[in-house]
Every structure is written in C-alpha cells, then in structure tokens.
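Visitor: I am new to this structure and would like a close look at one part of it. Could you take me through the aromatic rings?

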Amino acid sequence: MPLLSLPKGSRSLFFYQKGSRNQSVMSQSVSSSSGKKLIKIDISSDTVCPWCYVGKKNLDKAIAASKDKYDFEIIWHPFFLDSSAPKEGVDKLQFYREKFGSRVDGMLARMGEIFKGLGLEYNMAGLTGNTLDSHRILYFAGQQDLDKQHKLAEELFFGYFTQAKYIGDKEFLVECAKKVGIEGAADFLEDPNNGVKEVTEELHKFSEGINGVPYYVINGKQKLSGGQPTAVFERAFEVAAK
C-alpha cells in the first residue's frame, strides 16, 4: 500500500524526515471477541514531537467516531528525534533557536495556531532533552495494559507541550504513570537499565528507516505519516478492515 504523507503545505520542520523505506507489510484483518473487526495501530513517535501529539488528537477523534464499527488495539513504539539531546535538560526555546535559527519564530507561531485549533495552549517554556526515560515508561506501561499506555502517551504530551513539564523528569513521568493506573513506575525507572534493551529492540524493529514521525501502520498494511486529519484516519480504518 502507498505511504500517505502529510500534504506539503501542512508540514513543518517539527515533522521528522529522513531516508524512506517503503516496505509493504500485508496482514489479514481479524475480528475481536465483540464480533467487530479489530484495527491494530502501531505508532512510532517521540514524546517531544508536537506533530505526534496533533496526530494523536486526530486519531482519538477518528477512533471515537468509528468505535461502533471496530475495536482498536494501539501500541506505541519509540523514536528519537535527537538521540544526542542532553539528559539533564536545557531551555526549550533556546534549544530550538540553536537548532532551527531564524525559522523558529514562524514555526512556533504556526504550531501555536494548530494547538489552539485543538483547544490546547502550546507552551514553549521549560526544558527539553533526552526522551529515553519517557520511552522506557511507555514500554513499561504497555507491558501492563495497552489502553493505559495510550492514556500515558496523552499525559506525557499534555504535560510537556502545554504545562512546561520536562520530559526527562522522573517525578513527572511517575506522576503521569500513576494518573493512568500504572503500578511500579518509580521502581522501574529507578534502575536506569530497566527497559533500555526493549526500547532499543523496538526502535530497530518498528522505527528504523521510517520516513517520519508520527508514523502509523494500521493492520500491517495502511501506512500514514505526519499529523493527519481525522478523516484520513477514518478512511485508513475502512481500507485496513477490508
């Protein structure tokens, strides 16, 4: 199946792009215990990617509009926009100015408008940095309950993008995990080795060579990249369910 990309006019430099791998993966659609067809969605994402949050918001709307027809299984997989980002955290706005230069003001203004359209305030205060620990806790959540993992992704995005929370702050990560009912998060994060092997394995299996994040594989055959509109997700569900 072709890769459906975000229209050029909707892209920004926050949409991560690199070399493309357009490998076709086909699978049969299956039915869940409810009798409805199951839509499985694998999402490659980074927790500091604003388009990933935009895409999640639109995906959630599409799921809500389609829940009478399908059951859904959503699995979040890691991606690193900047694997060399400092673990201790740096000023978010300064980091983007150094990375994008004079283009950053226009980019941030536009992203602010996009967030406003979703009923959110795009907050550039606070720190940014390495996202490994956030991916570790997402992996840990997924081992307990995929619905809770999906809810945890929302808490992480919301805190980082609207409340100036630092994505590398373990207290913030544990707080988010507790909100969605994940048990044992503090103990899991306490050992810096927990989950690293698994995150690395998932990175290679699901995110290596992809065209951009967010990146979605729906039932193994429909592939979408970018912060797609709700209608695009709904159409992808229909095609994937055939």
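Guide: Gladly, and a definition comes first: rings of Phe, Tyr and Trp (its six-membered ring) pair if their centres lie within 6.5 Å, and planes under 30 degrees apart count as stacked, over 60 as edge-to-face and the rest as tilted. This is a predicted model, where local features need pLDDT of at least 70 and side-chain atom pairs count only at pLDDT 80 or more, while totals for chains, interfaces and linings use all residues. Residues are numbered from 1 along each chain as its sequence is written, and side-chain values use heavy atoms, leaving out hydrogens and water.

Across the whole structure, a search finds 16 aromatic pairs. In one of them, the ring centres of Tyr 122 and Phe 161 are 6.2 Å apart and the planes are at 25 degrees, so this pair is stacked. The two partners come from distant parts of the chain, 39 residues apart: Tyr 122 sits in the loop between α3 and β7 (127–128), and Phe 161 belongs to helix α5 (residues 146–162). Helices (H or I, at least four residues) and strands (E, at least two) are DSSP runs, numbered from the N terminus.

Tyr 122 is buried, at a relative accessible area of 13%, and Phe 161 is buried too, at 1%. Buried here means under 20% relative accessible area, with exposed over 50% and partly exposed in between (1.4 Å probe, protein chains only). Of the protein's 242 residues, 50% count as buried.
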